[in-house]
Amino acid sequence: MSVTRGQNLQNMIDRTPDRWQQGDLVEVTITDLNDSGDGVGRVNSRVVFIPDTTPGDRAKVRLVRVKPQYAYGKLQELLESSSDRIRPRCIVADKCGGCQWQHIAYEHQLEAKRHQVIQTLERIGSFVNPPVDAVLTGNADLGYRNKATYPVGKSATGQIQAGYYQKGSHQLINLNQCPVQDPRLNPLLAEVKQDIQQRGWRVYDEKHHRGQVRHLALRIGRRTGEMLLTLVVKDWDLPGIEAQAQEWLDRYPQLVGVSLNRQSDRTNVIFGSETRCIAGHPYLLEIFADLKFHVLPDTFFQVYTEAAEALLQEITQHLNLQGDEILVDAYCGIGTLTLPLAQKVQQAIGLEVQSAAVEQAQNNARLNQITNTTFQVGEVEKLLPQLETTPDIVLLDPPRQGCDRAVIETLLQTQPQRIVYVSCKAATLARDLKLLCQNGKYRLTRVQPADFFPQTAHVECAAFLERESGV
């Protein structure tokens with residue numbers, strides 16, 4: 001390196017605090033992790049967010065996006081490694097955007113997730129010393145995913161590829177195996193690409209809205225081993241799909257169904273509204289909490305079966321159900337939580353906006369001969385005030401954006417004795433818990449985080465509320 005170039009680099013590192021700008025090199029000690037999974041450090045009084053780092057790292061970082069009080073940086077050189085840093089167990093972990101935390105020891109991942117929940121409840125929810133338990137885990141931190149959906153693309157040499165996008169880009173990282181998905185799915189990931197190549201099916205070009213094959217979606221029943229293979233396509237015109245589907249069923253004994261899903265819109269939404277079963281069954285059979293569930297290609301079903309069961313067990317034990325309760329499961333989906341809890345209460349009522357999910361929930365109730373459940377189709381904020389009975393317990397499991405304000409207001413009016421709020425986003429959980437507790441009608445008694453997504457920054461929570469006596 002020339003003296004001039006070396007001096008220029010040193011000048012960028014030594015730049016005065018008031019003059020930091022994009023391209024500068026700074027030395028940062030990582031002290032925390034944010035809820036997106038990035039390491040957090042400070043340069044003087046300003047915050048820098050750096051992916052691929054962990055608390056305890058000291059790093060040389062290039063600033064890539066700069067604001068007056070914070071910046072985003074890219075790791076250039078690791079000057080000192082944290083004691084919590086490990087060697088990733090995936091060969092493309094530094095490129096693939098599927099995981100953020102493979103470089104962090106799993107024990108520290110769990111500590112970071114609990115800390116994240118506590119911080120969020122304090123900062124957004126205004127709770128003082130919130131009662132947050134240690135993070136609940138499944139039985140493994142790799143090989144746990146029962147579902148994987150891969151974008152399909154083509155290399156510069158014309159080879160069909162499938163994988164995840166590179167971090168911060170739209171560059172596809174080709175995978176033949178993925179260490180976080182159930183390993184029984186790996187042969188399909190590696191081999192189906194070759195079949196698409198041999199069939200001459202065109203890969204979808206999102207820029208020009210041409211081509212056919214958009215995504216490869218794989219599912220497996222963790223307990224049954226039954227698999228589904230689904231191609232997401234722009235339209236139904238896929239020559240030879242019937243013969244290929246039968247070939248796949250013959251090749252993979254555990255594969256029970258092959259489907260096409262049509263997504264004809266210019267969108268990042270993976271699944272369209274129409275799915276056709278080409279060969280075999282349109283669903284797989286899974287055992288969850290000792291009950292049978294039919295799971296379709298586009299059904300919402302927690303990707304980590306064992307961790308979801310562990311959280312359900314904690315909910316059941318905490319509620320200590322006596323058998324005479326009326327329970328409402330808002331945002332009930334296909335009845336994954338409704339049906340196990342229905343076995344322990346007098347009546348269970350499921351509310352769900354998606355009619356297809358309600359139909360599946362009703363089918364799953366019949367499949368398990370559970371007769372004390374009813375399911376209603378509609379928006380929770382409209383159905384909840386119309387219930388003819390006041391529930392003893394309301395279970396909330398909303399999407400990431402949390403509950404509609406009308407749902408919170410209805411709960412404050414009807415005042416069920418207990419509320420269980422299951423959330424996949426701590427920020428919206430904290431917001432809604434604050435609304436439920438701020439007038440003194442409810443008290444937050446416990447928060448149980450659960451790790452449904454090891455190797456990522458995502459954390460699930462179950463929060464338990466009790467109505468204050470005398471209210």
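The following legends describe close-up views of a predicted model.

The model is predicted, and local features require pLDDT of at least 70, side-chain atom pairs count only at pLDDT 80 or more, and totals for chains, interfaces and linings use all residues. Residues are numbered from 1 along each chain as its sequence is written, and side-chain values use heavy atoms, with hydrogens and water left out.

**View A. A closed barrel of five strands.**
The 5 strands of this closed barrel follow the order β1-β2-β3-β5-β4, and their pairing is mixed. Neighbouring strands of the sheet are turned against each other by 50° on average, direction ignored. Strands are DSSP runs of E of at least two residues and helices are DSSP runs of H or I of at least four, both numbered from the N terminus; two strands pair if DSSP finds at least two bridges between them. Strand β1 (residues 25–33) is joined to strand β4 (residues 58–66) by 5 bridges, and the two run antiparallel. Within β4, K60 is the residue opposite E27.

**View B. The open sheet of seven strands.**
An open sheet is built from 7 strands in the order β17-β16-β15-β18-β19-β21-β20, with mixed pairing. Its edges are β17 (373–377) and β20 (442–450); each has a single partner strand, so one side of each is left without a neighbour in the sheet. From one strand to the next the twist averages 15°; axes are lines fitted to C-alpha atoms, for helices over the stretch in contact, and angles run from 0 to 180 degrees between N-to-C directions. Strands of a sheet pair through backbone hydrogen bonds, either parallel or antiparallel. The parallel sense is found between strand β16 (residues 347–352) and β17, which share 5 bridges; here I349 stands opposite T374 in β17.

Strand β20 pairs with strand β21 (residues 460–467) in the antiparallel sense over 8 bridges. A450 faces E460 of β21 across this pairing, the two standing opposite each other. Of the 9 residues of β20, 7 are buried, and the strand is thus described as mostly covered. Buried denotes under 20% relative accessible area, exposed over 50%, and partly exposed the range in between (1.4 Å probe, protein chains only).

**View D. Helix α9 and residue L411.**
Helix α9 lies across β18 (393–396), β19 (418–423) and β20, and runs at about 165° to β18. L411 is found in this helix, which spans residues 405–414. With a relative accessible area of 0%, L411 is buried. Not counting residues up to four places away in sequence, L411 touches L384, V394, L396, P416, I419, L436 and Y442, where contact means heavy atoms within 4.5 Å. From L411 to Y283 the C-alpha to C-alpha separation is 36 Å, and they are 128 residues apart in sequence.

T316 belongs to helix α5 (residues 305–319) and counts as buried at 17% relative accessibility. Leaving aside neighbours within four places in sequence, T316 is in contact with L321, L341 and K344. G125 lies in the loop between α2 (106–123) and β6 (147–154), and is buried with a relative accessible area of 4%. T120, A430 and K434 are touched by G125 when residues up to four places away in sequence are not counted. G125 and H103 are 22 residues apart in sequence and 31 Å apart in space, C-alpha to C-alpha.

**View F. The largest cavity.**
The structure holds 1 cavity of 30 Å³ or more, and about 40 Å³ of space lies in the largest cavity. On a 1 Å grid over the protein atoms alone, a cavity is a set of points where a 1.4 Å probe fits but cannot get out, a pocket is an open set with protein on both sides within 12 Å along at least five of seven lines, and lining residues have an atom within 4 Å of a point. Grid points are joined across faces, edges and corners, and a volume is the space filled by probe spheres set on the points. N146, R219, I220, G221, L284, E286, V295 and F301 line the largest cavity. At least two lining residues come from each of β9 (213–220) and β13 (284–288). By class, this lining has 4 nonpolar, 2 polar and 2 charged residues; Ala, Val, Leu, Ile, Met, Phe, Trp, Tyr, Cys and Pro count as nonpolar, Asp, Glu, Lys and Arg as charged, and the others, Gly among them, as polar.

**View G. The second largest pocket.**
The second largest pocket holds about 480 Å³ of space. Of its 17 lining residues, P51, D52, D94, K167 and G168 lie nearest its centre. The lining of this pocket divides into 3 nonpolar, 8 polar and 6 charged residues.
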